[in-house]
Amino acid sequence: MEQDHFDTIVVGAGIVGSALAAFLSKDTDQRILLIDRSFDTLTGSTGYASGLIGQLNVSPTLTTLAQESVKEYATIPGAFNRVGCLELGSTDEGLCDQQNRLVMAKEHGLAARLLGHDETMGLLPPFVKQDSFRQALYFPDDGLADPGVITHAYRSQAKSRGVQFIQTDVVEIKQSGSTVTGVVTSHGRSFQARQVVLASGIWTTQLLLKSIQKEIPLVPVAHPYVFSGTRENRSASHAFVRWTERLVYARNHGDRDGFGTYDHPPLAIDSLGSSAVSDWKDSGFDEAVSKALKECLSSGFGTTETDSNGDFSEDQMQEKVSAVFALTPDNLPLVGAIAPAGLWIAAAIWITHAAGCAKFLTKLLKREQVDDNMKFALNPGRFGSNVSMEELKKHALRTYNDIYGADEITGGP
Ligand SMILES: Cc1cc2nc3c(=O)[nH]c(=O)nc-3n(C[C@H](O)[C@H](O)[C@H](O)COP(=O)(O)OP(=O)(O)OC[C@H]3O[C@@H](n4cnc5c(N)ncnc54)[C@H](O)[C@@H]3O)c2cc1C
């Protein structure tokens, strides 16, 4: 029988909420409720992620979280394919950044090496234009995650440990005085809890504003991703590729290929529907996509042929997807407590850092010892009140085009 009283309610069962429910329910008799408006289909950002996991980041906190996440994903069958990452550079400045990143990688104990053009060609998928780079920085331990496999594995772990699942929409966070007491659903049903965690991704701002009139600097942005048509035979696994100076990335999905680009004006999404998909029409993405395919991709896209370096044709794009993820002013997640007492958030978290963040929040919720630097770096209140929310949001939006900048590799796709 469904009960209405819990120790912890987690709102959102994307990769973050599902991982949190799994970790939190381990070795405890806590009553935990996991709520999502859709358990059948992954309608949040997790369902649209391209799955690239690059572990090295200019932020040591993010590098640690990525390394911890990869360790976790590697224990789940079919979740992580260590295909490697090739960061391609073509300008003098780009090659210099590669040197710096190589040093940084060594400092974090991450395997990395520089490869010349010919050696790189042997590792690349067939769709990379031969003249689109001069040298590569190779990370053999990076790879491709399957966000669906990971999310479902964490949900099964949570379920087997007694976590209750309810498919419904949370419309209100209840509080009494300065303490959270639970949530209310769109059907008017109340669930009580001592603590509520919002793992609600891009919808977190909206839920907080509507419910407790609180704003956080989390900005939903649309991002374009393009798939080739499917091929009959699956292509062998290849490293995924980032043209860091051109803000473009691509991967082989086995039965098809895909690429994304950040080389366009950031597009904030003010009005969210019930899924993370946004409208391609009027997005202005076509220009960036054409540029990416002209500069980076060859006719090998979507085929198993080796690179003839012929030009990519527009008909090779079979499916264009615009989907939304969350940005913050410093490109770090928001993980920790916010007022009122008993309310926590875990949002703006890449697949790359999801398990690491969920483990970290589990420790906070269980009042276990955590690393103070990480607690400070992820604290949702770290931006203080000196800078206006409007300014913080502008900052967040600007980080979109810095995603592969020399100072701001975020670990995103
Ligand atoms: C096109 C694209 C490509 C990407 N590629 C990569 C990549 O290669 N590598 C990488 O690391 N990251 C990538 N990302 C980012 C990544 O997908 C997200 O950062 C991550 O999935 C966020 O997970 P989440 O669990 O926080 O959010 P979500 O997956 O959005 O989950 C939030 C859940 O909360 C539920 N929810 C929200 N509000 C309510 C409510 N009021 N009531 C009930 N349920 C609610 C939603 O239904 C949803 O299931 C990509 C994102 C996009 C859009």
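A residue is called buried when its relative accessible area is under 20%, exposed when that area is over 50%, and partly exposed in between, using a 1.4 Å probe and protein chains only. Good morning. The model before you is predicted: local features need pLDDT of at least 70, side-chain atom pairs count only at pLDDT 80 or more, and totals for chains, interfaces and linings use all residues. Residues are numbered from 1 along each chain as its sequence is written, and side-chain values use heavy atoms, with hydrogens and water left out.

I begin with Ser283. With a relative accessible area of 12%, Ser283 is buried. Ser283 sits in the loop between β17 (267-268) and α7 (285-296); helices (H or I, at least four residues) and strands (E, at least two) are DSSP runs, numbered from the N terminus. The side chain of Ser283 reaches the backbone oxygen of Trp280 at 2.5 Å.

I turn now to a sheet. In what order do the three strands of the open sheet stand? The order is β3-β8-β4, with antiparallel pairing; two strands pair if DSSP finds at least two bridges between them. β3 (52-53) and β4 (80-81) stand at the edges, each with a single partner strand, so one side of each has no neighbour in the sheet. Two bridges join β3 to β8 (residues 143-145) in the antiparallel sense, and Leu52 has Leu144 in β8 as its bridge partner.

I close with the lining of the largest cavity. Ala326, Leu327, Thr328, Asn331, Leu332, Ala348 and Trp350 line that cavity, where a cavity is a set of points on a 1 Å grid over the protein atoms alone at which a 1.4 Å probe fits but cannot get out, and lining residues have an atom within 4 Å of a point.

Methods. 1 Å grid on protein atoms, 1.4 Å probe; cavity = no way out; pocket = protein on both sides within 12 Å on 5 of 7 lines; lining within 4 Å. Polar contact = N/O pair within 3.5 Å; in protein donor to acceptor, adjacent residues only side chain to side chain.
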